[in-house]
Amino acid sequence: MPLADFRSPRLFVDAALAAGGRVALDRNRSNYLGNVLRLSAGETILVFNGRDGEWQATIAGRKRPEHLEISAQSRPQDRLPDLTYAFAPLKHARLDYMVQKAVEMGASALQPVLTRFTQATRVNSGRMRANVIEAAEQCGILSIATVGEPAPLDRWLAGRDPGRLLVFCDEGAELANPVAALQAEAAPHGIDVLVGPEGGFAGEERALLLRQPRTLRLSLGPRILRADTAAVTALALIQAVLGDWSGAKGR
Ligand code: SAH
């Protein structure tokens, strides 16, 4: 991994970044830098916007941080693997956790999918986006995962590119080594991994999933995992075998 600076605070900003540029700080960000991190004019942080890489930025302002002076690029923009994490939304804190973990694991898109036994049908997309940004800031991830609008399972499946691999995490699948199962899938163009709700998938949903082209029904071991655990486990396996943990370039 290229050596990144993990000590300096890292802030997401929604503005173009280039040497010599200046970025105005809104109230929230000014408050965060000045009152939460207790930084003042002259101190340096790192900023990124999901497009232009990571930059060193010096805080400026008379009484409180008012803007950032952008100096040198510290890391070029990277690209996440084409990996969508599709999931039945959970409630509150467990959803926050799941979104943060999916971002840490390198998912490039998050897609809430509504199934028959989904507990939370109203999903706060703004809150999910805030969790994506917070996880990226903390973990030094330079690309911001997209957050899709919640879609019913059948509609989401109908709109998918059928050339993508669908990794359907199914506790009802026959126990089989998941590493070998993923290795058998030759370099797909894009992967969607689906984890169901705490109540599992209904019979007709499972049947619909198994009718999709290029579906891998993946077993995550002999125990039933909670959905947030299944998320981390499935994403780790996929990243290790087919994604950007494998050291292979260009996937
Ligand atoms: N139907 C289950 C619970 C579902 S667990 C029950 O008996 O209550 C929530 C989701 O996590 C599942 O829909 C599945 O996508 C995933 N999952 C949990 N354990 C799994 C396993 N051992 N293998 C594959 N997927 C699993």
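How many nonpolar, polar and charged residues make up the shell around the ligand? The shell holds nine nonpolar, five polar and four charged residues, where Ala, Val, Leu, Ile, Met, Phe, Trp, Tyr, Cys and Pro count as nonpolar, Asp, Glu, Lys and Arg as charged, and the others, Gly among them, as polar.

This is a predicted model, in which local features need pLDDT of at least 70 and side-chain atom pairs count only at pLDDT 80 or more, while totals for chains, interfaces and linings use all residues. Residues are numbered from 1 along each chain as its sequence is written, and side-chain values use heavy atoms, with hydrogens and water left out.

**The ligand.** Select the ligand and the 18 residues around it, of which Cys169, Glu171, Leu220, Arg223 and Leu225 come nearest (a residue is near if one of its heavy atoms lies within 4 Å). On Cys169, a backbone N or O atom lies 2.6 Å from a ligand oxygen. A backbone N or O atom of Leu220 is 2.8 Å from a ligand nitrogen.

**Ser219.** Next, select Ser219, in the loop between β12 (215-218) and α7 (227-241). Ser219 is buried, at 6% relative accessible area (buried means under 20%, exposed over 50%, partly exposed in between, with a 1.4 Å probe and protein chains only). Its side chain reaches the backbone nitrogen of Gly221 at 3.3 Å.

**Arg38.** Finally, move to Arg38, in the loop between α1 (27-36) and β3 (44-48). Arg38 is exposed, at 65% relative accessibility. The C-alpha atoms of Arg38 and Ile238 are separated by 40 Å, with the two residues 200 apart along the chain.

Key
Helix = DSSP H or I, 4+ residues; strand = E, 2+ residues; numbered from the N terminus. Polar contact = N/O pair within 3.5 Å; in protein donor to acceptor, adjacent residues only side chain to side chain.
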